[in-house]
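Subject: Structure handover

Hello,

Please find the structure below. My notes on it follow.

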Amino acid sequence: ALCWAQQGRHEHHALYDNGHCAVVHASNAAPALIASDARMRLVGDGGGRELPLARLYTPASADPEREHTLKPDEVLTEIMVPARKLGPRCAHYEVRQKQSFDWPLAMAAANFNGPPRLVLGAVASVPMQIPVGGVNETPREDLRGFVDTIAAKVVSEATPLEGNAWRKPLLQAAIQRAMLSAAGVPEDQW
C-alpha cells in the first residue's frame with residue numbers, strides 16, 4: 001500500500017516508524033491508559049479473552065491496512081486499570097497548536113506509581129512505550145537532569161519526514177513536563 005504522506009504534506013504525521021507508512025495513532029486516551037498498565041476484556045463468538053491494552057494496536061510497519069488485533073467477531077467490553085497505578089504519581093501532557101484543536105502535535109503520559117512507565121502519543125502509528133528505569137530511585141536534586149537526558153535520547157531517535165522535524169522540540173517538552181509532573185515537581189519548577 002502506498003502512503004501518500006511520504007511524498008505529500010506530512011507535517012502532522014509520524015516522527016517514528018514512518019519508513020513504510022506515516023500514519024499517526026488517533027487516540028488521546030490510549031497513552032495514559034497504557035502507562036497505567038490498562039488491560040481490556042474482549043468478547044466474541046469463540047468466548048472471551050483479556051490482554052494488555054498495548055497489545056491491541058498493530059504498528060503500520062507490521063501491517064499498514066490493519067490498526068488493531070481484534071478478531072472479526074470481537075467486541076471490547078471493558079478496560080481495567082490496576083488500582084496500584086491510580087495514585088498521584090501520573091501525568092499526561094499534550095502540546096497543541098490551539099487548545100480548541102482536537103489533535104495534539106506531541107503527547108506524553110508518565111506513570112511512576114510502581115514500575116515507571118512512559119508512553120508517547122501523536123508521533124507514531126501506535127502509542128510508543130519508552131523504558132525509563134531508575135526514575136523512582138533518582139534523588140530529587142538530580143531528577144531534572146535525568147528527565148532531560150531521557151527526553152533528549154528519545155527525541156534523538158526520531159526519524160522525521162522532511163516537513164515534520166519541527167515537532168521534535170515539542171515532543172521533548174511534552175516528555176519533560178509529563179515526567180516532572182508525575183514525579184511531583186510543581187509546574188512553576190519545570
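Four strands form an open sheet in the order β4-β5-β6-β7, with antiparallel pairing. Strands here are DSSP runs of E with at least two residues, helices are runs of H or I with at least four, and both are numbered from the N terminus; two strands pair if DSSP finds at least two bridges between them. β4 (90-95) and β7 (128-130) are at the edges with a single partner strand each, so one side of each has no neighbour in the sheet. From one strand to the next, the twist averages 20°.

This is a predicted model, in which local features need pLDDT of at least 70 and side-chain atom pairs count only at pLDDT 80 or more, while totals for chains, interfaces and linings use all residues. Residues are numbered from 1 along each chain as its sequence is written, and side-chain values use heavy atoms, with hydrogens and water left out.

Strand β6 (residues 117-121) runs antiparallel to β7, and three bridges join the two.

Two residues other than glycine have a positive phi. Most residues other than glycine have a negative phi.

- A122, in the loop between β6 and β7, has phi near 70°. A122 is buried (under 20% relative accessible area), at 3%.
- D17, in the segment before α1 (30-35), has phi near 50°.

Regards

Notes. Axes are lines fitted to C-alpha atoms, for helices over the stretch in contact, and angles run from 0 to 180 degrees between N-to-C directions. Buried means under 20% relative accessible area, exposed over 50%, partly exposed in between (1.4 Å probe, protein chains only).
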